[in-house]
2 protein chains.
Amino acid sequence: MVETPARPESRGERKERTRRAILDAALALCEDSSLVALSLRQVAKEVGIVPTAFYRHFESIEALGLELVDESFVSLRAMLRDVRRRDPALEDVIDGSIRILVEHVHQQRAHFHFIARERAAGPPTVRGAIRHEIELCERELAADLTRLPDIGPWSAEDLRVLSNLIVMAMVATAEAILSAPRRPDAEKQIVETARTQLRMVLIGALNWRSRS
Amino acid sequence: MVETPARPESRGERKERTRRAILDAALALCEDSSLVALSLRQVAKEVGIVPTAFYRHFESIEALGLELVDESFVSLRAMLRDVRRRDPALEDVIDGSIRILVEHVHQQRAHFHFIARERAAGPPTVRGAIRHEIELCERELAADLTRLPDIGPWSAEDLRVLSNLIVMAMVATAEAILSAPRRPDAEKQIVETARTQLRMVLIGALNWRSRS
């Protein structure tokens, strides 16, 4: 149910609040299933609106799903770019990137559960949107890597392959955090594993002779 | 529907054939959804048996899911072990492992679609079984890596971390093949990417000083 706040709301505020309630209801409802199995009617019922009112906010369940994909990635990608452009030392970039990822997974746990699940089991458009976001992460990383003196002269293909490997390790780290028991020691081991892996990858990259 | 063969069957053969039909029906039915949404009644209808007959073969839909997990991993793990123990050169082991993975994904495409989806969206027991199989792949790889002269003296923790990274890259490769367009050039790029990544990782590992 949409809660009513103490002071009177504007129409815009109310619309935004209902929209948020719809997004949150969808996240909660498909926790044990998938967007594929979610009906507009279920979401409307959970929010306390009539089914037709859903369309004032989203064209379809899939459009709602695409909005959740956006919410999950936009600020994460921006923050990862920031840490790479601010910190010159590679070890600091690795540690900073993992820290940002872990914080995001904590702050948006339901969102990242949604991403982990829909990436494999969602409707084709939503799977495609998630794949696209992950590819954007890779391309942005590749662009930043060209600014490193030891990696700069690499071929575009080797840069793509390296970025793909790093982003894949980050995705696996996020998924490991989501499926691990929620204890600090379990998470600490996952974070340590990711740090060591990214260091190994970087050492491999720095010793790699690219056919540029 | 279960097809009837030309010559008379023994009871055992018939039971086995129905069991196979149930497994295949489940694979086909949850192609666009997940085991979570699959009912025993649907499977029985597809196979052409009464719902109670299902229990002569499996205790539950989840038990059926666990059987599909077994079928997907048992021979794959055995063949990956074989290639590591037969080929002494690291580059050959990388190429051989990727080749085996790609062949398995082709031969058991429905099974690996099932694994990719249920790993993220399946019932908890099935997710757990898939995680367990992936961990077994990692442990078996770590055991084989200790036999390499340059890696042998590593700490158990670094070996675990390295094996986790390699297996993660293999999982991502399988998932990339499954979601790529089914054209030889698309698959060739995925395979080339995986080969370069595993070589980078190995170069990183060989230049890594483990705190053993």
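Predicted model: local features only at pLDDT ≥ 70, side-chain atom pairs only at ≥ 80, totals over all residues.
Visitor: What percentage of the interface residues of chain B are also interface residues in chain A?

Guide: An interface residue is judged by contact, that is, heavy atoms within 4.5 Å. The copies meet through the same surface, because the share of chain B interface residues that are also interface residues in chain A is 100%.

Visitor: What kind of model is this, and what ipTM does the predictor give the complex?

Guide: Residues are numbered from 1 along each chain as its sequence is written, and chains are lettered from A and ligands numbered from 1 in the order in which they are written. Chain A averages a pLDDT of 90, with 95% of the residues at a score of at least 70. For the complex, the predictor gives a pTM of 0.90 and an ipTM of 0.88.

Visitor: By what turn can chain B be laid on chain A, and what axis does this describe?

Guide: The copies are superposed by least squares on the C-alpha atoms of residues with pLDDT of at least 70 in both. Chain B is laid on chain A by a turn of 180° and a shift of 0.0 Å along the axis, with an RMSD of 0.0 Å. That relation is the one given by a two-fold axis.

Visitor: Which three residues supply 22% of the area that chain B buries against chain A?

Guide: Buried area is the accessible area (1.4 Å probe) that two parts lose on being put together, summed over both. Chain B and chain A bury about 2,800 Å² between them, 69% of it on carbon and sulfur atoms. The 22% of chain B's share, more than any other three residues give, comes from B:Gln197, B:Met200 and B:Trp208.

Visitor: Which helix of chain B gives the most to the side that touches chain A?

Guide: Helices here are DSSP runs (H or I, at least four residues), numbered from the N terminus. In chain B, helix 6 (109-121), helix 8 (156-179) and helix 9 (184-206) each supply at least two residues of the side that touches chain A. With 12 residues, the one that gives the most is helix 8.

Notes: Heavy atoms only, no water. pLDDT = per-residue confidence, 0-100.
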